[in-house]
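Biologist: I would like to go through this model and ask about its charged pairs, its pocket and a few loop residues. Please show the structure before we start.

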Amino acid sequence: MKKSAKILLTLLCIVFVCVFGVSAYKVYETVFAPGGYYQSNQNAKEVQQAYTKPAASTKPAATPSGAVQAIVGEQIVLDPEVSPIEVDFEALKQRNPDIVAWLYCPNTVINYPITQTDDNMYYLHKDIDNNYSSYGTLFVECLNQKGFKDKNNIIYGHHMNDGKMFAKLVDYVYQSYYDEHPVMYLNTPDMNYRIELFSGYVTPMESETYLLSFLSEAENQEWLDSCISQSRFQSNVDVKTSDRILTLSTCTYDYDDARFVVQGKMVPIH
């Protein structure tokens with residue numbers, strides 16, 4: 001073999017080894033390093049097992065069209081459905097007082113605690129023990145009132161490449177996925193809610209989707225109409241301006257700073 005050919009072969013081998021080494025390190029850093037996908041997933045499972053369990057008593061789930069709830073003055077008449085999970089908020093808050101709720105979607109990976117602070121950046125890459133995590137922690141918009149009392153209450157979460165956290169929200173572009181998963185559940189220390197989903201769509205990061213309150217009922221109705229008109233799936237959920245809305249938001253890659261949101265009305269339940 002000519003000397004020049006040997007040199008070229010050696011250089012190619014060096015390049016291959018370097019590329020392989022960098023790729024292997026990237027895999028390690030993303031998946032196996034502290035706070036990577038594997039550890040973050042294991043931590044999420046540990047938290048689920050430690051602080052949630054199936055409800056001791058449940059009633060058949062009401063369909064969105066069968067919702068029964070009313071607000072008379074300050075008194076809330078609860079829908080008879082019982083949340084399918086129980087959450088030990090007393091123990092959970094001892095571990096992290098920033099935890100304000102738990103979001104659960106049956107037969108999906110969405111089964112996570114929710115935090116809220118005065119800084120939307122804080123839990124982007126921290127778990128509930130304040131350690132680095134590629135998953136981060138789901139969190140409520142810092143400008144929302146405590147207790148999900150605004151007309152529009154927003155929860156943010158990462159779109160993870162391994163399908164965890166809010167990655168499955170983007171599947172609500174398909175009618176079939178909505179038909180299989182039309183409701184979620186939001187448990188809080190004070191009240192549980194059935195979230196009857198009525199809209200899912202792509203929107204810019206700074207769109208009116210992220211308004212929290214409205215100056216008038218007419219403005220609120222216009223906002224609801226806009227949300228419903230953009231939905232990629234069809235729903236028979238009856239949404240009124242008297243309803244409080246939960247908006248779930250994650251990144252999507254349709255264009256720069258695009259977000260995918262799924263919205264549902266909050267029905268108080270047992």
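Biologist: Which side chain meets that of Arg194 in a salt bridge of 3.2 Å, N to O?

Modeller: This is a predicted model. The partner of Arg194 lies in a distant part of the chain, 115 residues apart, in the loop between β3 (75-77) and β4 (85-87), while Arg194 sits in strand β10 (residues 192-204). The side chain that meets Arg194 at 3.2 Å is that of Asp79.

Biologist: Are Asp79 and Arg194 buried or exposed?

Modeller: The cut-off for buried is under 20% relative accessible area. Asp79 has a relative accessible area of 1%, so Asp79 falls under that cut-off. Arg194 has a relative accessibility of 0%, so Arg194 also counts as buried.

Biologist: With which residue does Arg194 form a salt bridge at 2.8 Å, and what network includes it?

Modeller: The closest N and O atoms of this pair are 2.8 Å apart, and the partner of Arg194 is Glu196. Glu196 is buried, because its relative accessible area is 0%. Salt bridges with shared partners make one network of Asp79, Glu81, Arg194 and Glu196.

Biologist: How many salt bridges are there, and which residue pairs with Lys168?

Modeller: A salt bridge requires a side-chain nitrogen of Lys or Arg within 4 Å of a carboxyl oxygen of Asp or Glu. By this rule the count is 9 salt bridges. Lys168 is partly exposed, because its relative accessibility is 30%. At 2.6 Å between the closest N and O atoms, the partner of Lys168 is Asp171.

Biologist: Which side chain joins that of Asp150 in a polar contact of 2.9 Å?

Modeller: Leaving aside neighbours within four places in sequence, Asp150 is in contact with Leu143, Asn144, Gln145, Leu212 and Arg244. The side chain of Asp150 also reaches a backbone nitrogen at 2.7 Å, that of Gln145. The side chain joined to Asp150 by the polar contact of 2.9 Å is that of Asn144.

Biologist: What is the volume of the largest pocket, and which element gives the largest share of its lining?

Modeller: The volume is about 300 Å³. The lining has 18 residues, and those nearest the centre are Leu124, Phe139, Tyr156, Cys251 and Arg259. Two elements give two or more residues to this lining, β7 and β11 (245-251). The largest share, 3 residues, comes from β11.

Biologist: Is Thr209 buried or exposed?

Modeller: Thr209 is placed in the loop between β10 and α5 (217-230). Not counting residues up to four places away in sequence, Thr209 touches Asn152, Tyr201, Thr203, Trp223, Thr247, Val261 and Gln263. Its relative accessibility is 4%, so Thr209 counts as buried.

Biologist: Is Asn107 buried or exposed?

Modeller: Asn107 is found in the loop between β5 (99-104) and β6 (111-115). Its C-alpha atom is separated by 9.1 Å from that of Glu180, 73 residues apart along the chain. The cut-off for exposed is over 50%. At 72% relative accessibility, Asn107 therefore counts as exposed.

Biologist: Which side chain is joined to that of Asn130 by a polar contact of 2.9 Å?

Modeller: Asn130 lies in the loop between β6 and β7, and Asn130 counts as partly exposed because its relative accessibility is 37%. Leaving aside neighbours within four places in sequence, Asn130 is in contact with Tyr122 and Tyr123. The polar contact of 2.9 Å joins the side chain of Asn130 to that of Tyr122.

Biologist: For the protein overall, what share of the residues is buried?

Modeller: The protein has 5 helices and 12 strands. Among contacts between residues at least 6 apart in sequence, 65% join residues at least 24 apart. Of the 270 residues, the buried share is 47%.

Technical notes: Residues numbered from 1 in each chain as written. Predicted model: local features only at pLDDT ≥ 70, side-chain atom pairs only at ≥ 80, totals over all residues. Heavy atoms only, no water. Polar contact = N/O pair within 3.5 Å; in protein donor to acceptor, adjacent residues only side chain to side chain. Contact = heavy atoms within 4.5 Å. 1 Å grid on protein atoms, 1.4 Å probe; cavity = no way out; pocket = protein on both sides within 12 Å on 5 of 7 lines; lining within 4 Å. Points joined across faces, edges and corners; volume = space filled by probe spheres on them. Helix = DSSP H or I, 4+ residues; strand = E, 2+ residues; numbered from the N terminus. Buried < 20%, exposed > 50% of the residue type's maximum accessible area, 1.4 Å probe, protein only.
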